[in-house]
Each structure stands twice: as structure tokens, then as C-alpha cells.
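Work through the exercises below with the model open. Each task is followed by its solution.

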Amino acid sequence: MRLFECGTLVPGCKWHARAEDDAEVVRRAVEHLRETHGETVVRENMVDNIKQRIRDDAKAA
Ligand SMILES: [Zn+2]
């Protein structure tokens with residue numbers, strides 16, 4: 001499983017996404033950023049920022 005923790009991008013946020021592949025994690029993260037953090041325009045560099053912070057979730061292996 002792959003894991004993205006929003007707190008690595010938005011300090012203090014406890015939200016996280018866990019999925020089988022990076023594309024799904026990115027999709028959920030973008031949705032969360034739009035809904036919770038008001039990012040109505042998701043730029044390419046935001047997707048890059050998310051991808052750079054995705055890591056393997058050891059606990060769910
Ligand atoms: Zn967040």
C-alpha cells in the first residue's frame with residue numbers, strides 16, 4: 001500500500017490517503033485539498049508535491 005499524509009504538505013492536518021497505487025492516492029489527495037483546503041485550481045506542481053510525499057505504508061504490507 002502507498003500512503004500520503006496531508007500533514008507533510010499542510011502542517012497540522014491529520015488527513016491521510018492510503019491506496020494500492022500512487023495514481024489513486026494522488027486522486028484522493030487532490031479531492032481532499034479541494035474540499036478541505038479550498039484549492040479550487042490544482043496546479044501541476046501540487047501534484048508533484050503530493051507525489052514526492054507518497055511513501056510505502058509499512059504497517060499495511
Ligand atoms: Zn489536509
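Two residues are in contact if their C-beta atoms, placed from the backbone, lie within 7 Å. The model is predicted.

**Exercise 1. Find what share of the contacts in the protein between residues at least 6 apart in sequence join residues at least 24 apart.**

Take the contacts in the protein between residues at least 6 apart in sequence. Of these, 42% join residues at least 24 apart.

**Exercise 2. List the elements of the protein in order from the N terminus.**

Start with the inventory: 2 helices and 3 strands. From the N terminus on, the order is β-β-α-α-β.

**Exercise 3. Describe how H1 and H2 pack.**

Step one: locate the helices. H1 covers residues 22-37 and H2 covers residues 44-53.

Step two: take the geometry. The angle is about 125°, and the axes lie 10 Å apart.

Step three: classify. Angles over 145 degrees count as roughly antiparallel, and 65 to 115 as roughly perpendicular. H1 and H2 are therefore oblique to each other.

Step four: assign the hand. The crossing of H1 past H2 is right-handed.

Step five: name the contact residues. H1 supplies Asp 22, Val 26 and Ala 29, while H2 supplies Val 47, Ile 50 and Lys 51. By class, the contact has 4 nonpolar, no polar and 2 charged residues.

**Exercise 4. Compare the radius of gyration of the protein with that of a compact globule.**

For 61 residues, a compact globule would have a radius near 10 Å. The protein has 11 Å, which agrees. Next, take the extents: the C-alpha trace spans about 35 × 25 × 15 Å along its principal axes. Finally, check burial: 13% of the 61 residues count as buried.

Notes: Residues are numbered from 1 along each chain as its sequence is written. This is a predicted model: local features need pLDDT of at least 70, side-chain atom pairs count only at pLDDT 80 or more; totals for chains, interfaces and linings use all residues. Axes are lines fitted to C-alpha atoms, for helices over the stretch in contact, and angles run from 0 to 180 degrees between N-to-C directions. Helices (H or I, at least four residues) and strands (E, at least two) are DSSP runs, numbered from the N terminus. Angles under 35 degrees count as roughly parallel, over 145 as roughly antiparallel, 65 to 115 as roughly perpendicular and the rest as oblique. A crossing is left-handed if the near helix is turned anticlockwise from the far one by less than a right angle, and right-handed if clockwise. Ala, Val, Leu, Ile, Met, Phe, Trp, Tyr, Cys and Pro count as nonpolar, Asp, Glu, Lys and Arg as charged, and the others, Gly among them, as polar. The radius of gyration is taken over C-alpha atoms; the globule rule is 2.2 Å times the number of residues to the power 0.38. A residue is buried if 20 or more other C-beta atoms lie within 10 Å of its own, exposed if 12 or fewer, and partly exposed in between; C-beta atoms are placed from the backbone.
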